[in-house]
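Here is a protein chain for you to explore.

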Amino acid sequence: MRVCSAGFGGANYHLELSEYHPSFTKPIEFRAEYQSKPMTLIGHSKVPISTDNSLPKNRSWRIPPNLMSQLDPSQTYGLLAVEQAFERSLLNTEFIDKTKISVISAAVTRTEKMESLIENLQLKKIEHVFESDFPEEANKIRAFRRSLIPLNETSCQSLNRMTSGRISNEWDLQGANFHIDADFASLGYALKVAHLLLNTSRTSLIILLQMEESPEQDPILIRRKSIECWVLALESFAAKNSL
């Protein structure tokens with residue numbers, strides 16, 4: 001089995017798994033040679049999301065203007081949250097090895113944007129069925145589809161799982177970037193993963209974004225209230241860099 005993940009933030013992974021057989025190779029013995037070190041918070045921000053998901057004004061991010069209205073709020077408000085966290089922590093990423101700055105987003109993936117994209121895909125499948133016998137109905141479906149997430153090469157960029165890549169791309173961060181969806185336990189798992197990454201010494205700084213979410217009456221969708229950004233590092237790294 002092969003899993004390929006290519007992020008536009010610059011982190012690309014290819015994982016290949018196969019069944020183990022004793023004749024292939026000698027088993028590798030894993031030993032935890034490092035001692036778990038404490039993690040500390042060096043920057044934090046919390047940005048409320050407007051009820052109509054209106055976008056922040058007068059921003060100069062690396063986003064094509066025609067794409068802004070289609071993005072999930074976690075991306076635009078996430079960029080704003082990172083900006084504020086950097087300002088409050090007095091952190092300057094130019095003086096830190098960018099290959100060792102990683103970004104993690106934690107949120108429930110099943111959002112209104114996702115539902116809109118799925119609905120568009122489903123309607124596209126049945127649209128052609130009506131074209132010959134019920135052209136008027138087909139036109140109505142086609143018109144409704146235009147109000148949903150467009151099906152084109154940028155559709156995937158509307159999803160909240162792209163938030164970490166968007167952050168990495170904006171500040172040219174070259175460490176790992178990925179999304180964690182563990183339902184409403186996403187933040188807990190993200191913090192645990194962040195601590196493990198920092199203790200491997202392959203990452204010096206973690207930017208963690210988490211959506212404050214609550215379930216709607218419909219259990220499939222969620223309501224988002226705000227997005228928080230935590231900038232995390234080991235205590236030793238923070239002390240060394242006066243953070």
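## A buried arginine

Arginine 166 has its place in helix H5. Helices (H or I, at least four residues) and strands (E, at least two) are DSSP runs, numbered from the N terminus. Glycine 78 is 88 residues away from arginine 166 in sequence, yet 8.9 Å away in space, C-alpha to C-alpha.

How many residues of H5 are buried? The count is 8 of 9, and H5 is mostly covered. Besides Arg166, the buried residues of H5 include Thr163, Ile167, Glu170 and Trp171. Just after H5, aspartate 172 takes a positive phi of about 55°.

## Where the model comes from

This is a predicted model, in which local features need pLDDT of at least 70, side-chain atom pairs count only at pLDDT 80 or more, and totals for chains, interfaces and linings use all residues. Residues are numbered from 1 along each chain as its sequence is written, and side-chain values use heavy atoms, with hydrogens and water left out.

## The whole chain

Stepping back, the chain has 7 helices and 7 strands. Read from the N terminus, their order is β-β-β-α-α-β-α-α-α-β-α-β-β-α. Of its 243 residues, 42% count as buried. The chain exposes about 14,800 Å², and carbon and sulfur atoms supply 53% of it; such areas come from the Shrake-Rupley method with a 1.4 Å probe, and for residues only the protein chains shown count as cover.

A contact means heavy atoms within 4.5 Å. Among contacts with a separation of 6 or more, 73% join residues 24 or more positions apart.

## Helix H2

Helix H2 covers residues 73-89, which is 17 residues. Just after H2, leucine 90 takes a positive phi of about 60°.

## The nonpolar core

A nonpolar core is a set of buried Ala, Val, Leu, Ile, Met, Phe, Trp, Tyr and Cys residues joined through side-chain atoms within 4.5 Å. Which members of the largest core touch the most other members? Of its 33 residues, they are Val82, Leu205, Ile207, Leu209, Cys229 and Val231. Elements that give two or more residues to this core include H2, H5, strand E6 (205-215) and strand E7 (222-234). H2 gives the most, with 7 residues.

Leaving aside neighbours within four places in sequence, the contacts of isoleucine 207 include Val82, Phe86, Ile104 and Cys229. A second, separate core of 11 residues includes Ile104, Ile180, Leu208 and Trp230.

## An aromatic pair

Rings of Phe, Tyr and Trp (its six-membered ring) pair if their centres lie within 6.5 Å; planes under 30 degrees apart count as stacked, over 60 as edge-to-face and the rest as tilted. The whole structure holds 1 aromatic pair. Phenylalanine 86 and tryptophan 171 form it edge-to-face, 5.5 Å centre to centre with 80° between the planes. The pair links distant parts of the chain, H2 and H5, with its residues 85 apart. Phenylalanine 86 is buried at 8% relative accessible area, and tryptophan 171 is buried at 17%.

Conventions
Buried < 20%, exposed > 50% of the residue type's maximum accessible area, 1.4 Å probe, protein only. Expected span 1.5 Å × (residues − 1).
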